[in-house]
Protein chains: 2
Amino acid sequence: MSSWRDNVRKVEPYTPGEQPKEEGVIKLNTNENPYPPSPKAMEAVSQIKNLRKYPDPAAVKLTEAIASYHGLSKEEVFVGVGSDDVLAIAFMTFFNSDKPVFFPDITYSFYPVWAELFEIPYEKKALDQEFKIRIKDYAGENGGVVFPNPNAPTGILMPLDEVEEILKGNQDVVVIVDEAYIDFGGTSALELTRKYENLLVVQTYSKSRSMAGLRIGYAMGNKDLIRAMNDVKYSYNSYTMNEPSILMGAAVLEDEEYFQETRKKIIDTREWFKEEMKGLGFTFPDSKANFLFASHEKFAAEELFEAAKEKKIYVRYFDQPRINDYLRITIGTKEEMEALLDFFREYFKEK
Amino acid sequence: MSSWRDNVRKVEPYTPGEQPKEEGVIKLNTNENPYPPSPKAMEAVSQIKNLRKYPDPAAVKLTEAIASYHGLSKEEVFVGVGSDDVLAIAFMTFFNSDKPVFFPDITYSFYPVWAELFEIPYEKKALDQEFKIRIKDYAGENGGVVFPNPNAPTGILMPLDEVEEILKGNQDVVVIVDEAYIDFGGTSALELTRKYENLLVVQTYSKSRSMAGLRIGYAMGNKDLIRAMNDVKYSYNSYTMNEPSILMGAAVLEDEEYFQETRKKIIDTREWFKEEMKGLGFTFPDSKANFLFASHEKFAAEELFEAAKEKKIYVRYFDQPRINDYLRITIGTKEEMEALLDFFREYFKEK
């Protein structure tokens, strides 16, 4: 007998980083910002007054604020429910070629997921031995290119001249640079959008803006790219950005001082943490993100991951080829990093 | 020379109801609730305190509140960014057969859009001369069934025994009953989910809960249906419900008195408005929704639509076969409906 179950889509569910509910946990596993968002966020709550109405489908207040912050016009900005939403819509909008889309083998885990969801052929390009993206791999014929900069989970930043090298070799497809972590020491490819009409730069409020809980991501690029994404988005769900996101998202951009201050604190903590970690026998690629991807000369990553969890310190471990010797450790407050270092010192001493 | 433009997805952009920005407009065109949400919504804003963290991907606080309100367990509730998101995920999850999905020819305009987006074959079943769904049309072999109850834009309610008739004939596919307007006088098919494990009931906060601006929709059904939807959703975007939605959405369910009061006001206004409209020469199917789908014996709908807009009264007109003699008029406050009736009286007198 046939059943509705026969026609259920088969998927491999994504396993997000653990969100422990117990008290007293030190949470360094999902690259969240340890500092709260600018106080402007909560101040903006008082502006919420029209919940009974549909929100502006174009979220103009928010797109204008982002555009003005980055020196663009609002027609050059697309907003979505976190950069996952933005990237998924970009895949759906731009990657409709028979040729494969290229992205690194070690990278954000959702790229192959969206490619499969939208039946986009793709080819993973192996990082080199030092976990760097080999730009010559992206020269071949393809249906598009996407990579994070800095890459995740490695934290390695690609210099802007190499980003441009990739763009030079790929002018007839859309190239997406996913800059979720760019504010922690990188230079955005945004200026290259003036030169390359096929470049889409994606950023997010979830890391440097401390607003993962609000779900805001955005893409920047030339007006035709942005219009194409809006056409696709409006065609199947017109109202995705809710009123609190629009208002609070716009408000925090007014507080540049707070943004620079918290961003700098994380960078400073990261640089100090790198030195401490070296001293403990860890090695890692040089990170320009708000996390460190670290391996220990003596102790297995999985063992350290489990032992830290016992002590209520959560870091991220990926049980995958090539990276299963590494821990991805989010940069929290200095106190949180001290606690983790203390744990390592204690653990290494006992062994 | 090839261009990235060659691989841009071709879509037909959706045209949402106009959202006029000018002052003094009477807006009866997008079926919004004329009353604000329960004060509990804004009270809940003070609970927002963890924006820096990712929201709970399962939005447990909200799913539990909805489940408890409807006498279900939280495993029987799926939440999404408006019922558009919920319905799109349901299409993607359940409609993977080679056989066509059935839905009415005159109905919510996004059904064919999602079907095309996910390459789902579909067949539109014509409403009868009185705009009723002919339940025998849904007896044939199909890949699934979806219809709104009450239907939109007709406002006609299908009695529960007819809903069950459709379910009886379709036990090997998923049947989705889209109850966006059920709270304005209909009986939900929710109780039938106990009997039919293939029934998914979808509701929304955008109409009877006065929270279109927050974007919350939800599906109710047996645990296996809900789990399948969550698997699909988590597989490509884990965090869609933001913190304000989760907190404010849960809070308003505590205010049953306010809900009943505003719901009743709209029903009372609608019933009074029907009588007034009859007196003016309008005919319409009997509506159990928060809108009336009305045609005039002498005046063309398009003409009335344009003339009303001149007077800053917005109703909805669909320039489509079979329904281009009709206006869809949202039930607002009694004062708003008086203003519309006054406009009609004045307009008819002048002609």
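1. In this predicted model, a polar atom of the B:Asn290 side chain lies 3.1 Å from the backbone oxygen of B:Asn31. B:Asn290 itself sits in the loop that runs between strand S9 (282-283) and strand S10 (291-296) of chain B, and with a relative accessible area of 0% B:Asn290 is buried. Apart from its neighbours within four places in sequence, B:Asn290 is in contact with B:Asn31, B:Glu32, B:Tyr181, B:Phe184, B:Lys207, B:Ile266, B:Ile329, B:Thr330 and B:Ile331.

2. One of those contacts, B:Glu32, also takes part in a salt bridge with B:Lys27, in which the closest N and O atoms are 2.7 Å apart. Both partners, B:Glu32 and B:Lys27, are buried.

3. What is the relative accessibility of B:Lys274, and what is that of B:Glu271? B:Lys274 has 3% and counts as buried, whereas B:Glu271 has 33% and counts as partly exposed.

4. Over all chains the structure holds 42 salt bridges. Among them, the pair of A:Glu197 and B:Arg5 joins two chains, because A:Glu197 lies in the loop between strand S6 (175-178) and strand S7 (199-204) of chain A while B:Arg5 belongs to the segment before strand S1 (26-27) of chain B. The closest N and O atoms of A:Glu197 and B:Arg5 are 3.0 Å apart. A:Glu197 is partly exposed, with a relative accessible area of 38%, and B:Arg5, at 35%, counts as partly exposed too. Elsewhere, A:Arg5, B:Glu197, B:Asp224 and B:Arg227 are linked in a network of salt bridges.

5. As for the interface as a whole, 76 residues of chain B are in contact with 76 residues of chain A. The area buried between the two chains is about 6,500 Å², and carbon and sulfur atoms give 58% of that area. Which three residues supply more than any other three of the area that chain B buries against chain A? They are B:Trp4, B:Arg52 and B:Tyr54, which together supply 14%.

6. Turning to polar interactions, the rule finds 4 salt bridges across the interface of chain B and chain A, and 39 residue pairs are in polar contact between these chains, counting pairs with both residues at pLDDT 80 or more. On the side of chain B that touches chain A, helix H3 (82-94), helix H4 (110-117), helix H6 (223-236) and helix H7 (243-252) of chain B each supply at least two residues. The largest share of that side comes from H6(B), with 8 residues. By residue type, the side of chain B that touches chain A divides into 37 nonpolar, 22 polar and 17 charged residues.

7. The largest nonpolar core has 107 residues, and those that touch the most other members are A:Leu62, A:Phe147, A:Tyr205, B:Leu62, B:Phe147 and B:Tyr205. B:Phe147, leaving aside its neighbours within four places in sequence, is in contact with residues including B:Pro104, B:Tyr111, B:Ile133, B:Met158 and B:Val163. A second, separate core of 67 residues includes A:Ile89, B:Ile89, B:Leu117 and B:Ala219.

8. In chain A, A:Phe147 is found in strand S5 (residues 144-148). Is A:Phe147 buried or exposed? A:Phe147 is buried, its relative accessible area being 1%. Not counting residues up to four places away in sequence, A:Phe147 touches residues among which are A:Ile166, A:Val175, A:Ile176, A:Val177 and A:Asp178.

9. A:Pro57 is buried, because its relative accessible area of 17% falls under the 20% cut-off. Not counting residues up to four places away in sequence, A:Pro57 touches A:Lys233, A:Tyr234, A:Ser238 and A:Tyr239. A:Pro57 and A:Ala67 are 10 residues apart in sequence, and their C-alpha atoms are 17 Å apart in space.

10. Within H2(A), the residues A:Leu62, A:Thr63, A:Ala65, A:Ile66 and A:Ala67 are buried. What covers the buried residues of H2(A)? The cover includes strand S2 (77-80), strand S8 (217-220) and helix H7 (243-252) of chain A. H2(A) is followed by A:Gly71, which has a positive phi near 70°.

Note on methods: Residues numbered from 1 in each chain as written. Chains lettered and ligands numbered in written order. Heavy atoms only, no water. Contact = heavy atoms within 4.5 Å. Buried area = accessible area lost by both parts, 1.4 Å probe. Salt bridge = Lys/Arg side-chain N within 4 Å of Asp/Glu carboxyl O. Polar contact = N/O pair within 3.5 Å; in protein donor to acceptor, adjacent residues only side chain to side chain. Helix = DSSP H or I, 4+ residues; strand = E, 2+ residues; numbered from the N terminus. Nonpolar A, V, L, I, M, F, W, Y, C, P; charged D, E, K, R; others polar. Core = buried A, V, L, I, M, F, W, Y, C linked by side-chain atoms within 4.5 Å. Buried < 20%, exposed > 50% of the residue type's maximum accessible area, 1.4 Å probe, protein only.
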